[in-house]
Amino acid sequence: MKNKSVIIIGAGVAGIEAANNIAENGYNVTLIEKENLLGGNLKNYAKLFPDFYEAGEVKNNLINKLNSENINVYNNNEITELFFENNKWQAVNSQNQKFLADAALLTTGFTVFDAKRKEELGYGIYDNVITSLEFENMYKTGKITTKQGNIPERIAFLNCVGSRDEKVGNHYCSRVCCINAVKQASEFKEIYPDSQAYCFYMDMRMAGQFYEELYRKSQEKHNVIYIRGRISEAAATLDNKIQIKSEDTLSGLPLKMTVDLLVLMVGIEASIGTNQLASQNEINGEYGFAKSKGLYGNDNITNKKGLFLAGTCKRPLTIPETIADAKAAANQIIKYLNQI
Ligand code: SF4
């Protein structure tokens, strides 16, 4: 083991991937996670877009590599302070325990938008308005039903909940929720081919590899109906269905529809940990995300010497992008540790 060390804060996809890469090169890694289980947001997904790959397999492959003797994992440890002092990066947890290292990597990830902030959509008020994460949890059980236990004959997915929305202050696109809606609508139709799935969108952003193909297949094979328009209001009927009001912006006509389940595709926001630790180190960027030194070749380094970034603590990224970014961060850290 080389006599240099790094603290990694957050054991999601980016944190674990970076830890494995750095440890393989002989450096000592302290990987700190606030939750009991490792894997971050990946734990919340059943299958991944665009190829329906098992999320659990990706997570287990990452975690299984953590058995290097160079890696010490501390779960149930929430880091509340991160600072550079006496030539060391120091991370302090909520019990005031200190972890010291030569470099620090923030991989504090993201959180999803709290759908209750869009009161007009009825989340937290009506039983059958759920989020895309709750849909994913139901899908894991193999059974997607209404709260009353019925098979939904009609389901609607609403894109851009908490993203591209001036009212909530998030102007950015979360990048993953369009394709996630296509994936979830397809999964729903695989289970219930006789039910109808609708997806309300502003634009369908299908920029990733095989996204467009999946979008096309969802229409041709599963007959998912895409409606260009934002839902302005959702309300429950006496029989627990959800009545939605929208406008079909292609035809310019107002639209009312009753569905059994409304799924809100909640966007990505900076996690509290990201916001807090980035602010302490004056590397806080827009919308609470952490800010790298620059997008072109400097995206894993910061204005603070020895403090690095990887993954969705910077902005919304897909899982393959996060893995690639973590590898890049690990390379930068190894280079740095070799020089000091
Ligand atoms: S990816 Fe799609 S649903 Fe998500 S914010 Fe962007 S446009 Fe909206």
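Predicted model: local features only at pLDDT ≥ 70, side-chain atom pairs only at ≥ 80, totals over all residues.

Trainee: What span should the 15 residues of helix 4 have?

Mentor: Helices (H or I, at least four residues) and strands (E, at least two) are DSSP runs, numbered from the N terminus. The expected span of a helix is 1.5 Å times one less than its number of residues. Helix 4, residues 177-191, should therefore span 21 Å, and its end C-alpha atoms are 21 Å apart, which agrees.

Trainee: At what angle do helix 4 and helix 5 cross?

Mentor: Axes are lines fitted to C-alpha atoms, for helices over the stretch in contact, and angles run from 0 to 180 degrees between N-to-C directions. The axes of helix 4 and helix 5 cross at roughly 40 degrees and come within 10 Å. That makes helix 4 oblique to helix 5, since angles under 35 degrees count as roughly parallel, over 145 as roughly antiparallel, 65 to 115 as roughly perpendicular and the rest as oblique.

Trainee: Is the crossing of helix 4 and helix 5 left-handed or right-handed?

Mentor: A crossing is left-handed if the near helix is turned anticlockwise from the far one by less than a right angle, and right-handed if clockwise. Helix 4 passes helix 5 in a left-handed crossing.

Trainee: Which residues of helix 4 and helix 5 meet?

Mentor: Two residues are in contact if their C-beta atoms, placed from the backbone, lie within 7 Å. On helix 4 the residues are Ile179, Val182, Lys183, Ala185 and Ser186, and on helix 5 they are Tyr211, Leu214, Tyr215 and Ser218. By class, this contact has six nonpolar, two polar and one charged residues. Here Ala, Val, Leu, Ile, Met, Phe, Trp, Tyr, Cys and Pro count as nonpolar, Asp, Glu, Lys and Arg as charged, and the others, Gly among them, as polar.

Trainee: How does helix 3 pass helix 4?

Mentor: The crossing of helix 3 and helix 4 is left-handed, with axes that come within 11 Å and cross at roughly 35 degrees. Ser132, Phe135 and Tyr139 in helix 3 meet Cys177, Asn180, Gln184 and Glu187 in helix 4. The residues of this contact divide into three nonpolar, three polar and one charged.

Trainee: How do helix 1 and helix 7 pack?

Mentor: Helix 1 (residues 13-24) and helix 7 (residues 319-339) pack at about 40 degrees, with axes 8 Å apart. That makes helix 1 oblique to helix 7. The crossing of helix 1 and helix 7 is right-handed. Residues of helix 1 in the contact include Val13, Ala14 and Glu17, and those of helix 7 include Ile319, Thr322 and Ile323. The contact divides into eleven nonpolar, two polar and three charged residues.

Trainee: Which residues does a cis peptide bond join?

Mentor: The bond joins Phe49 and Pro50, with omega about 0 degrees. Pro50 is in the loop between strand 3 (47-48) and strand 4 (53-54). Phe52 lies in that loop too, and has a positive phi of about 60 degrees although it is not a glycine. With 14 C-beta neighbours inside 10 Å, Phe52 counts as partly exposed.

Trainee: What is phi of Arg175, and where is the residue?

Mentor: Phi of Arg175 is near 70 degrees, a positive value in a residue other than glycine. Arg175 is in the loop between strand 12 and helix 4. Arg175 has 19 other C-beta atoms within 10 Å, so it is partly exposed.

Notes:
Residues numbered from 1 in each chain as written. Buried ≥ 20, exposed ≤ 12 C-beta atoms within 10 Å, placed from the backbone.
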